[in-house]
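User: I'd like to learn how to read aromatic contacts in a model. Can you walk me through an example?

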Amino acid sequence: MLTVHHLGKSQSERIVWLCEELEIPYELKCYTRDARTILAPAEYKALHPIGAAPVITDGELVLAESGAVVEYILAKYGQGRLRPGPEDANFAAYLYWFHFANGTLQAAMGRVMILNRLNLPDDNPLLGAMRARLGLAFAAVETRCGEADYLAGDALTAADIMSVFSLTTMRYFLPYDLGPYPNIRAYLSRIAARPAYQRAMAKGDPGMALLLS
């Protein structure tokens, strides 16, 4: 049985959402962050040597890293869904935005989050450079969301599942105003209307306000 070990307010929400979109059987085990450190509890860290979310188990397999987990589930259970093949006109766009999610957007948010916690002056050159890079990442998503309903084209793909956490829940850790980004806000409205997304968030993070605007 595929088991999704979900840490609240974490990238593992991607995996819950993916399973709901695919409508595949899975077991969901939810874990609460430590109240003092806001990090994963000991029982979650024990699942994998890195100790970070997400983690899945599938029989004897233990797998971490959200991109790897998404690709594994799609390959084993997806039956060709949510990822265009090489013959598809949107294949390159799918690959780009799938990897942009953690390679650029999430990484930039993480760096700015850490730098903000150092209480550096606003004129610190490194802080300024990282904030500028994050602005470029959001601008790229804004442009793309004005070109197509979803990141890889007209249909939802795993590229969207990889990206939405950074645009929503990650903003609990790094507040970011989406006011200047009407296309992103419209895109998130489309995501919010999806029954699978609604089910995933209700199961994984019940009661959490969803930062969709």
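User: Is Phe-100 buried or exposed?

Analyst: This is a predicted model, where local features need pLDDT of at least 70, side-chain atom pairs count only at pLDDT 80 or more, and totals for chains, interfaces and linings use all residues. Residues are numbered from 1 along each chain as its sequence is written, and side-chain values use heavy atoms, with hydrogens and water left out. Buried means under 20% relative accessible area, exposed over 50%, partly exposed in between (1.4 Å probe, protein chains only). Phe-100 has 6%, so buried.

User: Which residue does Phe-100 form a tilted aromatic pair with?

Analyst: Rings of Phe, Tyr and Trp (its six-membered ring) pair if their centres lie within 6.5 Å; planes under 30 degrees apart are stacked, over 60 edge-to-face, the rest tilted. The whole structure has 10 aromatic pairs. In one of them, Phe-100 partners Tyr-96 at 5.6 Å centre to centre, with 35° between the planes.

User: Where do Tyr-96 and Phe-100 lie?

Analyst: Helices (H or I, at least four residues) and strands (E, at least two) are DSSP runs, numbered from the N terminus. Both residues are in helix 4 (residues 91-117), four residues apart, about one turn of the helix. The protein chain has eight helices and four strands.

User: What sits over the ring of Tyr-172?

Analyst: A charge counts as over a ring if NZ of Lys or CZ of Arg is within 6 Å of the ring centre and within 35 degrees of the ring normal. Here the charged end of Lys-9 does that, 4.0 Å from the centre of the Tyr-172 ring.
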